[in-house]
Every structure is written in structure tokens, then in C-alpha cells.
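Visitor: Could you walk me through how to read helix packing in a model like this one?
Guide: Gladly; let's look together.

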Amino acid sequence: MKITSIDTCILAVPTPKPMALNYPQHKLVVAEIGTDEGIRGLGYSLVFGGFAAEPVHSYLETRLKPALLGEDPLFIERLWEKMFRADMGIKKQGVAAYALSALDIGLWDIAGKAAGLPLYKLWGAVTDRIPAYGSGGWSKYSERELIAEAEKYAALGCKYYKMKIHHADPRENAKRVGAVRRALGDGLRMMVDVNQRLDVLANIRQAQVLEEFDLVWYEEPVLADDIAACAEVAHAIKIPVATGENNYTRFEFRDLVERRAARFLMPDVCRANGFSETMRIGRHAAAHQIAVAPHVVHELSLQVVGALSNGFLVEFIDWTPPDLFEEMPECRDGCFSVPERPGHGMALARGAKEKYRSA
């Protein structure tokens with residue numbers, strides 16, 4: 001089998017309210033890989049908020065696409081290394097990692113289709129049903145909007161809800177967490193996400209006033225670049241730390257593990273250099289008894305968690321319009337069933353490219 005074409009585009013997709021208060025749109029950098037045997041693979045990277053989607057697309061088109069044309073798409077490890085080493089002067093982080101991820105995801109889609117298996121079974125399945133946590137609670141939400149969103153996820157059976165920490169006063173953040181807890185009761189476990197906003201001392205103070213809520217985790221406390229600071233926070237607070245959505249390679253995750261900087265790792269398959277690197281990260285975490293809860297794109301992350309013994313949860317952000325994908329997995333009783341279609345199981349809906357294409 002040979003790769004004969006790679007068709008790429010950017011889709012700009014509006015978000016619903018109240019999420020649109022913070023992020024009016026997201027963008028998908030899409031790569032459709034064609035072969036001489038008629039099998040096509042869909043790869044895409046979700047660029048949250050749409051920022052820098054155009055540079056991702058440009059790097060994919062100019063540097064990585066030429067490396068794949070004419071190659072056998074089933075030699076995924078070899079092609080991943082070829083892309084990873086295409087520019088030795090550029091670390092495979094940020095723009096480059098998003099671009100590589102989209103192509104790696106598309107290659108694995110081809111591999112699953114060629115084998116007639118969903119990816120989680122191709123990799124060695126653990127489970128076909130994955131619990132989810134409802135995610136949102138953005139900074140511009142009122143308490144009423146926070147509670148309404150948590151109630152929406154709870155109505156779908158989700159037993160977990162994550163909200164953002166954004167006030168300068170730790171007590172104000174605790175007040176918002178408490179408002180959701182009182183409204184939803186003890187049946188809903190909660191997480192908080194700092195989104196890299198605080199320094200070490202501010203995180204310690206914040207975590208202290210949140211201890212009473214028995215949080216599942218305390219997410220991304222400091223700048224993702226500063227693994228030493230993340231470890232310092234993790235060692236100083238009583239709430240387990242989760243991080244990893246803005247880390248890109250197994251080498252960064254190795255440092256997080258060795259420094260005991262987190263009890264939950266959150267690789268994003270669209271940032272962490274695709275399915276290939278995300279699975280390496282997940283298996284490395286298993287050797288250290290660390291749970292994996294991938295960041296966003298739950299429709300793709302399901303395949304990962306379904307193949308990892310240390311897989312924990314997928315992040316459910318209910319933002320995609322019904323006309324973007326042919327068949328989006330549905331949350332029932334707080335869980336998603338892993339798609340059984342060969343490959344990763346996702347396909348763009350008819351007309352989606354025409355409707356949402358921006359480049």
C-alpha cells in the first residue's frame with residue numbers, strides 16, 4: 001500500500017454559549033490521507049480557540065506532508081520517526097506537534113481500517129466503556145451558569161465535573177466550587193483547573209482553602225514549561241495534581257513522572273504527537289502506577305483509554321455541532337462506548353468541509 005495523496009484544510013467551528021463567552025470558535029486542522037488501495041485515513045488536530053491553526057496547517061503542508069507521500073502508511077513507527085526528525089532544529093512541540101499529530105492520527109485510522117478493527121482492539125483492548133467527566137466552568141461563567149452546566153452533565157450521568165480557577169482571591173474560587181457542590185450534592189465529584197495561572201506559593205494557598213471539597217485532582221497549577229515548579233506544588237499540597245495537556249513528548253512526561261509532579265497525566269492526542277506518542281506516554285505512566293485521563297477530543301481519546309490498563313477518564317466538553325461528524329459518540333449513564341468502527345471511528349459529516357472550511 002502507498003500513500004498517494006494528503007488533502008488538508010482548516011475548519012473553523014463556532015462554539016455554543018456559554019462556552020462562546022471565552023472561546024467563540026475552535027479550529028480543526030484536517031488531513032485526509034489517500035492510498036492506492038482506496039483506504040483513506042482521517043487525521044485532525046483540534047486547535048482550541050483556533051489560535052495558531054494557520055501555522056499548524058502550513059507546517060503540515062510544507063514540511064511533513066512531503067515526508068509521507070509515496071510511503072507505505074502501515075509503517076507507522078518509521079513514518080513517525082521520519083516526521084519527528086524532519087527538522088532537527090525545531091522541537092516537536094506546539095505548532096510542529098499539532099501538525100505531526102494530525103498525520104499520525106490519520107495513519108492509525110488507515111491501519112485500523114486495513115485490519116478491520118477499532119484501534120483500541122488493535123492495540124489490545126482493556127474495556128469498551130469509558131467513564132467521562134463533564135468539563136467547562138470557564139472564567140466568564142456566572143455561578144448560575146456554572147451550576148447549570150454541572151447539572152447538564154449530571155443529567156447525562158456524569159459523576160465528575162471540572163471547573164476553572166480564575167479569581168485572584170482563593171476564597172472567591174472556593175465560593176464558586178462550594179456553590180456547585182451545594183447545588184449538586186455529594187454524588188458529584190469535582191476537579192479544579194488552574195490553567196497555569198498561579199505561581200507556587202499562590203497554588204499552595206489556593207489548594208489549602210479547597211481541601212474541604214475532597215477534589216479528585218488539582219489541574220495544571222503552574223506554567224507547563226516549569227516541571228520543577230509543578231513538582232514543588234505536588235509535594236506541598238494534599239490534593240492530587242493532574243497535568244500534561246501542554247506537554248508534547250514522552251521525554252517531557254518522563255520528567256513529570258521522575259519528579260513525581262502529578263498523579264494523573266493528561267496527554268492530548270492532538271498535541272502530544274498523535275496516537276503513537278500518547279500510547280507510549282500512557283504505558284510509561286502505567287509502570288509508575290499513574291493514571292491517564294487524556295485532554296479533550298474525547299471521540300479520539302476513547303481509543304486510547306480503552307487500550308490502557310491505567311486509563312481513568314475522558315474529558316467531555318459538549319461543543320461540537322451535530323453536522324460536524326457523521327456519528328459522534330454519545331454519553332449515556334456517564335460513560336462513552338468506544339466506537340467499534342474500524343480505525344478511530346470518526347468521519348466528517350457530508351457538507352462539513354464546505355460549511356466550516358476557512359482555509
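Guide: Let's start with α2, whose buried residues pack against β1 (3-14), α1 (53-68), α3 (94-115), α9 and α10. Helices (H or I, at least four residues) and strands (E, at least two) are DSSP runs, numbered from the N terminus. This is a predicted model, where local features need pLDDT of at least 70, side-chain atom pairs count only at pLDDT 80 or more, and totals for chains, interfaces and linings use all residues. Residues are numbered from 1 along each chain as its sequence is written, and side-chain values use heavy atoms, leaving out hydrogens and water.

Visitor: Which residues of helix α2 are buried?
Guide: In α2 (residues 76-84), they are Ile76, Leu79, Trp80, Met83 and Phe84. Buried means under 20% relative accessible area, exposed over 50%, and partly exposed in between (1.4 Å probe, protein chains only). Those residues cover an arc of only 135 degrees around the axis, which puts them on the same side of α2; the arc is that of the directions from the helix axis to the C-beta atoms.

Visitor: And how do I describe two packed helices?
Guide: By the angle between their axes and the distance between the axes. Here, the axes of α9 (residues 250-258) and α10 (residues 274-286) come within 9 Å and cross at roughly 20 degrees. Axes are lines fitted to C-alpha atoms, for helices over the stretch in contact (heavy atoms within 4.5 Å), with angles running from 0 to 180 degrees between N-to-C directions. The two helices α9 and α10 are therefore roughly parallel to each other (under 35 degrees; over 145 is roughly antiparallel, 65 to 115 roughly perpendicular, the rest oblique).
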